[in-house]
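Visitor: Hi, I've got a structure here that I'd like to go through with you. Can we just chat our way around it?

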Amino acid sequence: MPINYNEKNKTFKLDTENSSYIIQICEENYLVNLYYGAFIPDSCVPNRSRRATNASFSPVNPRCGFSPDSAPMEYATSGAGDFRISALEIQNSNGDSVTDIRYSGYKIYDGKNEIPMIPSSYVNDKGEAQTLEIYAKDEVTGAAVTLYYSVFSKYDVIARRIRVTNDSSEKMRIERAFSLCLDLPDMNFDLISLYGCHAKERNIERRRLAHGIQGVSSRRGSSSHNQNPFIALAQNGADEEHGDVYGFNLVYSGNFSALAECDFNSTTRVIMGIDPDTFSWELDSGEFFDTPEAIMVYTSFGIGEMSRLFHRFYNNNLIRGRYKTEKRPLLINSWEAAYFDFDADKLVDFAKEAKKLGVEMLVMDDGWFGKRNNDCSSLGDWYVNEDKLKGGLGNLIKRVNDEGLKFGIWYEPEMISPDSELFRAHPDWCVHVKGREPMLGRNQYVIDMSRKDVRDNIWEQMYKVLSENNIEYIKWDFNRNISDAGSVLLPHERKKEFFHRFALGTYDLMNRLVTTFPNILFENCSGGGGRYDPAMLCYSPQIWASDNTDPIDRLYIQFGTSMCYPASSMGAHVSANDRTGYGTKCNVARWGTFGLELDPTYLTDEEADIIRDEIKEYHKNYELVNRGDLYRLISPFENPYRAAWQFVSPDKSRTMFTLVTMRKEFRPHLIVKLRGLEPDAYYKNERTGEVLSGALLMNAGLDLTNTAGQTGESTVIYFDKVE
Ligand code: DGJ
């Protein structure tokens, strides 16, 4: 059993195939963490210090010597003797916010329950996970806390979250409630995070932990371009193949905080959850509050293995719906081909030409609704612009379908243009606070998704278009962050609930759509990859990674994104930008979902031939990329000349190796060692016919000195196992 309670030493032991996590109920019913790391087979427990030092507090029962200030607290609370960053703070009706929870019971069961209204990971069958609920209570505030741990053994994943229930007869306010808290016994780690901005998302940043608090957060109303809700702690010196690595990823699309504090004992506390500065939540007597879920991964086999564990887990236990497993249509998107300047004939011309290349779906991007001919109007008016699309939407879709392509459409449901019929009818529906003119971002306001009446209106408009037309894909965009955060409907004491209520509102609308239209493929987007997070993967199996489609810049974006997000989710298109030829553009886009973002009527015959061949290769290797294991071989963040990666099929029978030269090196000498193959098996180079052992390919490697290439060139080599 993955979860066991040992009455003798009062420990809960949570085991995955390669990791163990141990919690102990100790003095005064405090809950402490004894261990998280490589699998420990027996039931002995490490003797982890929890004693007061001379200078630290032992506030409860001085004789027991227990100090919350230096003990490895399982879920740290504020103000009761632990001075490090805390995971929970409850303010009671007196206004006091000292919080102190003690163990009161537990439950273990097979499977995992959903979180009401919040997207989360799931089990395909009950045997895939076991869940531990630990109950703890603050006797003074009356806050009852449930700590949830769902253990997915096969993926070395523990999914964590908490619920706070108001067991008192008075109101209480949650000032902070993190999804995860973890105390590690040393600080010999590097913190890895993903920073960026529009068109430059998810750059890998690695820094050594230092004493004090460090970390990342977003207060933009979305998980954001700027910091991703992912961090890892990698043992100093750990690399792609070696070393202890802990990965943490929050299944949430709103404001978040992921922090690490190294204290005076040189231990490390990690907390991850909803950003406390922009949050509070009032609970009436008997009500409860659920946090989103944080996914925790541990491996002793380096950063690459951490990523593969996330990828496999997300492909199997987070992404859902028809297109979790069914092959997704390869699409052409109208945005970079036409921007707002299109009509029905132009789109049908795109479809005709794209069909010849092997494309399977045409997506009509921004500009089809209201009076929208630029980004200054019409968001919120979700009816077709018949001046532009003469003959109507149904007619256009039929023409595209007649060319043999499916049809997809763009929406930005969480926004409203000041120049729109919807805004003129409901000026109070935009996110704003009383007495202040809200800021414009890309000439638009955010619509108040925390309001049900607003969501119902958007839902009805979308339902009409989607139920009357053969639409098989939606690109859901979100092009600005949330300033002037507030909802006129929220009373004074609930104002700080706005951001979380907004996220819940978005989830509600997405949920209605995916359940009513289960055959529609959703692609999430946020001015490129500004909301690339696990929660969005619950609704949209693919996410547009960036508006930057330059293949060299994309290498950085794709390497960074792959830290925790699988290739199956990565929206990657070939565009008309000219930094490299089409061969390299395609080879880079074949890391992700692949698609076209260009006007196909402008392609030369030679360019069209390259794309047609690459699309054939894409179709042929769809499963390998979509379900295979990724090995990052040469990172553009570490090598100025080139990047290389490899996909290996789950049965290790086929691999695709890609090398891209970002900058020509003078007198290169290049040996690349492949990864993930069977050492004893033999593999045939598809191009040369040469047969080499897995051991040779992984230990001696490939000598690619003569293939190293000119700037912008690339090579793809396939190897197949021979019997
Ligand atoms: C931002 C997206 O990232 C683009 O692909 C495109 O859909 C535009 N928005 C449309 O406004």
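This is a predicted model: local features need pLDDT of at least 70, side-chain atom pairs count only at pLDDT 80 or more; totals for chains, interfaces and linings use all residues.

Visitor: OK, and what does glutamate 353 form with lysine 356?

Guide: A salt bridge, with the closest N and O atoms 2.9 Å apart.

Visitor: How many salt bridges turn up in the whole structure?

Guide: A search of the whole structure gives 56.

Visitor: Let's switch to the sheet. What's the strand order?

Guide: The order runs E29-E28-E27-E26-E23-E22-E21-E31-E30. That's an open sheet of nine strands, with parallel pairing.

Visitor: Which ones are the edge strands?

Guide: Strand E29 (570-571) and strand E30 (574-575), and each of them pairs on one side only.

Visitor: And what about E21 and E22, how many bridges do they pair over?

Guide: Three, in the parallel sense. Strand E21 is residues 331-333 and strand E22 is residues 361-364. As for partners, leucine 331 is bridged to methionine 361 in E22.

Visitor: New topic, helix packing. Where do H6 and H7 sit relative to each other?

Guide: Helix H6 is residues 452-468 and helix H7 is residues 498-516; their axes come within 11 Å and cross at roughly 25°. Angles under 35 degrees count as roughly parallel, so H6 is roughly parallel to H7.

Visitor: Is that crossing left-handed or right-handed?

Guide: The H6 and H7 crossing is right-handed.

Visitor: Which residues make the contact?

Guide: From H6 you have Arg455, Asp456, Ile458, Trp459, Met462, Tyr463 and Leu466. H7 brings Gly505, Asp508, Leu509, Arg512, Leu513 and Thr516. Sorted by class, the contact of H6 with H7 has seven nonpolar, two polar and four charged residues.

Visitor: And H10 with H11, how do their axes cross?

Guide: At roughly 25°, with the axes coming within 9 Å. Helix H10 spans residues 582-589, and helix H11 spans residues 605-620. That angle makes H10 roughly parallel to H11, and the crossing is right-handed.

Visitor: Who's touching whom there?

Guide: On the H10 side, Tyr582, Gly583, Cys586 and Asn587; on the H11 side, Glu607, Ile610, Ile611 and Glu614.

Visitor: And how many of those are nonpolar, polar or charged?

Guide: The contact of H10 with H11 splits into four nonpolar, two polar and two charged residues.

Definitions and conventions
Residues are numbered from 1 along each chain as its sequence is written. Side-chain values use heavy atoms; hydrogens and water are left out. Axes are lines fitted to C-alpha atoms, for helices over the stretch in contact, and angles run from 0 to 180 degrees between N-to-C directions. Helices (H or I, at least four residues) and strands (E, at least two) are DSSP runs, numbered from the N terminus. Angles under 35 degrees count as roughly parallel, over 145 as roughly antiparallel, 65 to 115 as roughly perpendicular and the rest as oblique. A crossing is left-handed if the near helix is turned anticlockwise from the far one by less than a right angle, and right-handed if clockwise. Contact means heavy atoms within 4.5 Å. Ala, Val, Leu, Ile, Met, Phe, Trp, Tyr, Cys and Pro count as nonpolar, Asp, Glu, Lys and Arg as charged, and the others, Gly among them, as polar. Two strands pair if DSSP finds at least two bridges between them. A salt bridge is a side-chain nitrogen of Lys or Arg within 4 Å of a carboxyl oxygen of Asp or Glu.
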